[in-house]
Amino acid sequence: MSELTGPVEIVGAGLIGTSVALACRRAGLEVLLTDPSDDHLRTASGLGAGRPSAPGDRPQLVVVAVPPDHLAEQIERALARDAVVTDVGSVKAGPLAAVAGLPGVERYVGSHPMAGSERSGPLAASAALFDGRPWAVTPHAASASDAVALVEALALLCGAVPVRLTPDEHDRAVARTSHLPHLLASLAAGVLAGAPADHLALSGQGVRDVTRVAAGDPALYGQIVSANAAAVGALLGEVRGRLDAVIEALATGDRAGLEAVLGQGVSGTRAIPGKHGGPPRPTGAVFVAVPDHPGELARLFADAGESGVNIEDVRIDHDPGRPVGLVELTVDVDRAEHLLGSLESRGWVTHR
């Protein structure tokens, strides 16, 4: 049966597990919660994510949402029950290899919602966490078709967009789009630790953008990256080659060589899918100085709305020297000048 009717059991009431639970509860399904931490269980239950599981419960679907080091163990436990089993771990080939020979493995279908936060724990969870986000579904050769359909139904119920991949394809993809960027962000952030205060005073939005994900839990991300070591290691080798080229270009004054590496970066940013998964569209930025007190952002957005220009993205850079924030409004490139003039006519201090 591929219709998801519940109950759904969530094994691991952290950020992702509790978010899945909240989305299932939003859809009216019964949710059972399992977690070795009594605090996590109490918190998730208090948020309305479900109730603690009991020995007589018979879930239709078990969602394993535990750190990578414990995935295989918990998938094996779940397969011992008469339920379809998925996990939402960041790596797929390793857990599959660990359980491939077990009875009931045809009821196992790996998956991975591409959503999260540098925050962790059930208090960071949200039923809307997966809305519009890709959710990889990674069946293996022995996966039953109705089990695959049930896991895809879970992704849809959570508001996500299912994307079917093989486990190996998934691991190569996340190494490129998630694990490697996290490592590079950590390396960039690492040179800030212990830096002189007068250097750090010059920090702007660029360094915040590059280093944001480096704030994630080192123990968790150490497990994630280690579990995908082969794919990540191959990409690090490519990056090392480019880094060596940059060092050589700087040492020899090879401006063309340096610009070639920078140009590859531009090409990479253009390859990232744009809004709604379509091709990237040209955008422009309008910067607005916003006083740092209640109501100003709401007033800015209201005035931008009056201009008839759709805001594609928003970033805020806090000026350490003044009680204002610099808000960057990203809009269609052909509408930037109109927005600029409209906001200035309403008294905002702006620039391009």
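Predicted model: local features only at pLDDT ≥ 70, side-chain atom pairs only at ≥ 80, totals over all residues.
Residues are numbered from 1 along each chain as its sequence is written, and side-chain values use heavy atoms, with hydrogens and water left out.

*Overall.* I counted secondary structure as DSSP runs numbered from the N terminus, helices being H or I of at least four residues and strands E of at least two; on that basis the chain has 13 helices and 12 strands. The C-alpha trace spans about 65 × 50 × 40 Å along its principal axes. For burial I used relative accessible area with a 1.4 Å probe and protein chains only, where buried means under 20%, exposed over 50% and partly exposed in between; buried residues make up 38% of the 352 residues.

*Sheet.* I then looked up an open sheet of four strands, in the order β10-β11-β9-β12 with antiparallel pairing, two strands being paired if DSSP finds at least two bridges between them. Its edge strands, each pairing on one side only, are β10 (311–318) and β12 (349–351), and the twist from one strand to the next averages 25°. Axes here are lines fitted to C-alpha atoms, for helices over the stretch in contact, and angles run from 0 to 180 degrees between N-to-C directions. Strand β9 (residues 283–291) runs antiparallel to β11 (residues 324–332) and is joined to that strand by nine bridges; I checked F287, whose bridge partner in β11 is E328.

*Helices on the sheet.* Helix α12 (residues 296–306) lies across β9, β10 and β11 and runs at about 140° to β9. In helix α13 (residues 336–345) I found A336, L339, L340, S342 and L343 as the buried residues, and these pack against β9, α12, β11 and β12. After α13 comes G347, with a positive phi near 95°.

*Helix pair.* Helix α10 (residues 229–252) packs with helix α11 (residues 255–271) at an angle of about 145°, their axes being 8 Å apart. From α10, the residues R242, A245, V246, A249 and L250 meet G257, L258, V261 and Q264 of α11.

*Aromatic rings.* I searched the whole structure for aromatic pairs, meaning rings of Phe, Tyr and Trp (its six-membered ring) with centres within 6.5 Å, where planes under 30 degrees apart count as stacked, over 60 as edge-to-face and the rest as tilted; the search finds one pair. The ring centres of F130 and W135 are 5.2 Å apart and the planes stand at 55°, so I logged the pair as tilted. F130 is buried at 0% relative accessibility, and W135 is likewise buried, with a relative accessible area of 0%.

Technical notes. Contact = heavy atoms within 4.5 Å.
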